[in-house]
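Here is a brief report on one protein model.

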Amino acid sequence: MPRFTVHIRDEWLAIPCRDPTKTIHWLGLEALRRYIKNKPDNGGITTLKDVRFVVRRCQGQGLLDGEDTIEDALEDNDFLELGNSICIMTYYSVSICPSFQNICMDGNSLTSTDLVNLGRGLYKIKVIINKWTVNCQSLLIFTIPLILLSEPPAAHSRMVYGITTGFGKFARTVIPVGKLKELQENLVRSHSAGVGNPLSPERTRMLLALRINVLAKGYSGISLETLHAMIQAFNASCLSFVPEKGTVGASGDLAPLSHLALGLMGEGRMWSPNSGWADAKYVLEAHGLKPIVLRPKEGLALINGTQMITSLGAEAVERAQAIARQADIVAALTLEVLKGSTKAFDSEIHALRPHPGQIEVAFRFRSLLESDHHPSEIAESHRFCDRVQDAYTMRCCPQVHGIVNDTINFVKNIINTEINSATDNPMVFAERGETISGGNFHGEYPAKALDYLAIGVHELASISERRIERLCNPSLSELPAFLVNEGGLNSGFMIAHCTAASLVSENKVLCHPSSVDSLSTSAATEDHVSMGGWAARKALRVIEHVEQVLAIELLAACQGIEFLRPLRTTTPLEKVYDLVRSVVRPWIKDRFMSPDIEAVHRLLLDQKVWHVAKPYIDKYETQLSSPGSRPISPTSFSLEPPLSPRKRVRHE
């Protein structure tokens with residue numbers, strides 16, 4: 001009986017086929033059916049009825065026709081890959097929205113949120129609304145040195161870096177007029193020297209979109225035709241092969257941006273949802289697009305800037321913000337399970353140390369934990385216990401989580417400024433009729449900020465791992481060891497905690513700042529660099545580890561709730577518990593745990609934990625701001641009335 005191996009996301013499935021006259025489409029559906037059968041949340045797929053997908057061979061990435069029969073198209077033991085059409089995410093994590101909105105770019109107003117949504121395929125770029133005139137005028141400047149070059153004495157007085165000269169060490173080498181087009185093409189080809197795995201389609205879309213936004217500012221000296229060609233490629237999801245490694249972050253992200261430009265020139269490899277990986281010229285041709293033809297300065301305009309660092313940084317800061325606010329919810333649930341006190345979140349305490357992040361986190365805890373607004377049977381059960389105060393991992397959440405929030409806001413401000421900055425060299429000032437060499441390409445700003453982001457966000461995992469320890473340790477939790485009955489026969493959350501500890505340990509290494517390093521390059525003409533590319537990539541790794549550690553804590557806290565039943569926690573935290581139980585069943589005895597962690601990690605990635613709790617947080621704020629209550633400051637939340645006397649007796 002023929003057997004085929006099908007790759008979906010990060011799993012390989014063996015699919016037997018008794019009837020070789022069945023179609024390729026049947027084989028794909030059978031693989032999907034088996035895939036979702038093994039997933040607690042059905043892999044995020046609600047129904048197979050309307051799922052669309054493509055099937056391609058793993059070797060060569062050749063697409064298969066879904067109507068072909070298996071016996072005609074395949075050989076026994078073939079390896080296949082199920083690819084995305086709308087909602088199935090493959091190894092390359094493609095996600096394409098079936099209906100698009102348009103976003104207009106002017107080089108001044110794009111945000112990190114917009115950029116991430118562009119990467120996800122939620123928008124197409126339709127119109128560039130700013131400085132068309134300047135873009136066109138910028139080209140006129142370059143006709144001046146071209147004319148003057150026909151007169152040797154004047155040529156040297158009109159040398160313009162990267163337009164009539166070589167690059168880096170060759171900045172004083174004048175290039176003949178007849179070779180200026182070749183100069184730009186050679187620049188892109190020679191600088192396409194990156195290594196490593198390609199960026200995912202989402203991240204490549206972000207990179208391309210951000211470069212379009214920067215060019216739209218009108219200081220890069222690029223033609224309207226080239227800009228339109230880039231927009232068309234973006235809208236068709238024709239994405240160049242961009243290796244993730246190779247940038248030192250000054251002069252900009254030369255290697256990755258060169259790979260991005262190389263595909264647009266019809267050279268190298270390119271990917272699209274319809275073609276998979278193929279030669280760039282064929283991918284462009286398949287979508288009715290033509291390779292761009294570089295004019296003077298355009299090669300340099302396409303590859304000089306900090307867009308690799310910044311686009312990855314935008315994703316990092318958005319994910320950091322999402323996990324930080326969900327960390328408060330997870331920690332609040334853990335505090336309930338460990339029968340902690342709400343006294344440490346009294347608004348008057350935090351008004352005395354009014355850091356915005358600290359005050360905001362304390363407010364979230366108050367809005368989720370036991371109060372007149374949200375009673376808790378669990379809290380009531382230990383109201384008159386003799387514990388004086390809780391461990392730091394619970395009591396100090398506003399102080400620890402708070403600085404993380406303030407760090408994220410600081411970094412987000414830098415990233416959003418960088419997103420809308422012109423980072424070319426030289427800069428073209430059409431109004432002045434000048435091109436000026438400067439240093440806006442240097443990536444030190446985003447590099448330093450992203451190193452800081454990694455250090456800040458890591459603390460969420462560090463403190464979370466200690467809370468997991470308290471949940472699993474019976475001497476600290478008063479719960480069964482490792483949160484499972486029949487300990488010994490069952491190990492419960494023993495190794496899940498080890499996983500969390502290992503991720504925290506990895507983060508300690510990854511948090512070493514990359515931007516403290518610099519190596520001189522380009523024959524000492526580029527003698528100080530930012531190493532921002534690695535700062536961005538490792539920040540994303542740190543944040544992913546934080547998400548995974550908090551997923552484990554959320555699983556453990558929900559498991560702890562099982563041992564406190566029939567008592568119930570507050571309404572918002574019960575809703576969080578219900579959400580988790582919609583994808584992961586209670587732990588009765590040992591079972592394969594990785595799918596559970598993956599399912600809850602997906603909830604955090606999709607911000608579902610936040611979306612479940614946020615209405616209750618908002619309602620709490622509204623109730624406190626209603627007539628008869630003192631209003632809450634929108635920035636500090638410091639004006640909430642003090643805790644009622646009834647709440648003040650807890651643990652006293």
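## The second largest pocket

Helix 6 gives the most to the lining of the second largest pocket, with 3 residues. Helices (H or I, at least four residues) and strands (E, at least two) are DSSP runs, numbered from the N terminus. A pocket is found on a 1 Å grid over the protein atoms alone, as an open set of points with protein on both sides within 12 Å along at least five of seven lines; lining residues have an atom within 4 Å of a point. This is a predicted model, in which local features need pLDDT of at least 70, side-chain atom pairs count only at pLDDT 80 or more, and totals for chains, interfaces and linings use all residues. Residues are numbered from 1 along each chain as its sequence is written, and side-chain values use heavy atoms, with hydrogens and water left out.

The volume of this pocket is about 490 Å³. Helix 6, helix 9 (254-264) and helix 11 (298-303) are the elements that give two or more residues to its lining. The lining has 28 residues, and H191, S251, L254, S522 and E526 lie nearest the centre. By class, 13 are nonpolar, 12 polar and 3 charged. Here Ala, Val, Leu, Ile, Met, Phe, Trp, Tyr, Cys and Pro count as nonpolar, Asp, Glu, Lys and Arg as charged, and the others, Gly among them, as polar.

## Helix 6

Helix 6 covers residues 180-191, which makes 12 residues. From first C-alpha to last it reaches 17 Å, close to the 16 Å expected at 1.5 Å a residue. The expected span is 1.5 Å times one less than the number of residues.

Its buried residues are L180, L183, Q184, E185, L187 and V188. Buried means under 20% relative accessible area, exposed over 50%, and partly exposed in between (1.4 Å probe, protein chains only).

The structure holds 4 cavities of 30 Å³ or more. A cavity is a set of grid points where a 1.4 Å probe fits but cannot get out. Points are joined across faces, edges and corners, and a volume is the space filled by probe spheres set on the points. The second largest cavity has about 50 Å³ of space. Its lining has 5 nonpolar, 1 polar and 4 charged residues. Among them are F493, L555, Q559, R581 and W587.

R581 is found in helix 22 (residues 571-581). Its relative accessible area is 17%, so R581 is buried. Leaving out residues up to four places away in sequence, R581 touches C558, Q559, E562 and P586. Contact means heavy atoms within 4.5 Å.

An open sheet of 3 strands has the order 9-11-12, with antiparallel pairing. Strand 9 and strand 12 (276-279) each have a single partner strand, so one side of each is left without a neighbour in the sheet. Two strands pair if DSSP finds at least two bridges between them. Strand 9 is joined to strand 11 (residues 269-272) by 2 bridges. The bridge partner of S240 in strand 11 is M270.

S237 sits in the loop between helix 8 (224-235) and strand 9 (239-240). S237 is buried, at 9% relative accessible area. Not counting residues up to four places away in sequence, S237 touches R205, W271, S272 and P273.

## A216

Where does A216 lie? A216 is in the loop between helix 7 (201-215) and helix 8. A216 counts as buried, because its relative accessibility is 0%. The C-alpha atoms of A216 and M105 are separated by 7.0 Å, and these residues are 111 residues apart along the chain.
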